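Colleague: Hey, could you walk me through this one? I'm new to it and would like to go through it bit by bit.

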Amino acid sequence: MNPTKRFLILLSIFGCSTMLAAAHDPDCANLRDRRDEMEQCCQVDLIIPLKDAEDCAGSGESSNPFEQMICTFECKLLSLGVLNGDEIVQSKLLEYANRLEEGWKETAINIANNCTEMATNMMAKMKGKVQDAKCSPIGSMLMTCVMKNTFDQCPEGKWQDTTFCNKIRSGECFKRRGD
């Protein structure tokens, strides 16, 4: 699956799950309200510790949940020093990845590098198309990529082998209605 498609699929997890997801499957219902549960699927320390970020409630206030999510990620990543404007601060991102435990750290560094490259390339392709946006989408692109790759590369023994987690990992919860 190409990085753009992965980004769009994962973005739906965090902000638009009411428009996507197999509503008939109770494991896939209300994903927006199950973020904490999703974070527990892979029992490793997060590459980017959002819990240490500023409280960004109300940042970029919008009635559009997608836009609200983009602004919240931008605010949190700016407060952590991972973003500077609409650019990723690679040294800060790697600082976070390097604090992780051995074994997971090497994978996390690779994820950080690959996701930075993907998000930066996507932003370059989108230049001029996001001029009217309240907030830069690069933070949500980065976070979506990091979360997807964390799930895909979760170390053996750290993955919670539950029906819910396996459906999230496989993408089963993100089929468009009518598929």
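Colleague: Let's start with C41 and C165: buried or exposed?

Modeller: Both C41 and C165 are buried. Keep in mind that this is a predicted model.

Colleague: And what joins C41 to C165?

Modeller: A disulfide does, with an S to S distance of 2.1 Å. The pair links distant parts of the chain, as C41 is in the loop between α2 and α3 while C165 is in helix α7 (residues 163–170), 124 residues apart.

Colleague: Left-handed or right-handed?

Modeller: The link of C41 and C165 is left-handed, with -85 degrees about the S-S bond.

Colleague: OK, how many disulfides does the structure hold?

Modeller: Six. If you number the bonded cysteines of the protein chain in sequence order, the pairing goes 1-12, 2-11, 3-10, 4-6, 5-8, 7-9.

Colleague: Which cysteine does C42 pair with?

Modeller: C42 is joined to C154 by a disulfide, S to S 2.1 Å. This pair also links distant parts of the chain: C42 is in the loop between α2 and α3, C154 in the loop between α6 and α7, and they are 112 residues apart.

Colleague: Why is the disulfide of C42 and C154 called right-handed?

Modeller: Because the torsion about the S-S bond of C42 and C154 is about 95 degrees. Both of these cysteines, C42 and C154, are buried.

Colleague: What about C56, what does it form with C75?

Modeller: C56 and C75 form a disulfide, and their sulfur atoms are 2.1 Å apart. Here C56 is in the loop between α2 and α3 and C75 is in helix α3, 19 residues apart, and the pair counts as linking distant parts of the chain. The link of C56 and C75 is left-handed, with -75 degrees about the S-S bond.

Colleague: Why does C56 count as buried?

Modeller: C56 has a relative accessible area of 2%, and buried means under 20%, so C56 falls within that class.

Colleague: Let me step back. How many helices and strands are there?

Modeller: The secondary structure of the protein chain comes to seven helices and two strands. From the N terminus on, the elements run α-α-α-β-β-α-α-α-α.

Colleague: And what share of the residues count as buried?

Modeller: 44% of the 179 residues of the protein chain.

Colleague: How covered is α6?

Modeller: Mostly covered, with 14 of its 15 residues buried. From its first C-alpha to its last, α6 reaches 21 Å, close to the 21 Å expected at 1.5 Å a residue.

Colleague: Next topic: how many aromatic pairs does a search of the whole structure find?

Modeller: One aromatic pair turns up. The rings of F151 and W159 have their centres 5.4 Å apart and their planes at 75 degrees, so that pair is edge-to-face. Both F151 and W159 are buried.

Colleague: I also spotted C115. Where is its place?

Modeller: C115 is in helix α5 (residues 104–126). C115 is buried, as its relative accessible area is 0%. The C-alpha atoms of C115 and M141 are separated by 8.2 Å, with the two residues 26 apart along the chain.

Colleague: What's the lining of the largest pocket like by class?

Modeller: There are twelve nonpolar, five polar and ten charged residues in it.

Colleague: Last one. What's the phi of N30?

Modeller: Near 55 degrees, which is a positive value in a residue other than glycine. N30 is found in the loop between α1 and α2.

Colleague: Is N30 buried or exposed, and why?

Modeller: N30 counts as exposed, because its relative accessibility is 55% and the cut-off for exposed is over 50%.

Key:
Residues numbered from 1 in each chain as written. Predicted model: local features only at pLDDT ≥ 70, side-chain atom pairs only at ≥ 80, totals over all residues. Heavy atoms only, no water. Nonpolar A, V, L, I, M, F, W, Y, C, P; charged D, E, K, R; others polar. Helix = DSSP H or I, 4+ residues; strand = E, 2+ residues; numbered from the N terminus. Buried < 20%, exposed > 50% of the residue type's maximum accessible area, 1.4 Å probe, protein only. Disulfide = S-S within 2.5 Å. Expected span 1.5 Å × (residues − 1). Phe/Tyr/Trp six-rings, centres within 6.5 Å; stacked < 30°, edge-to-face > 60°.
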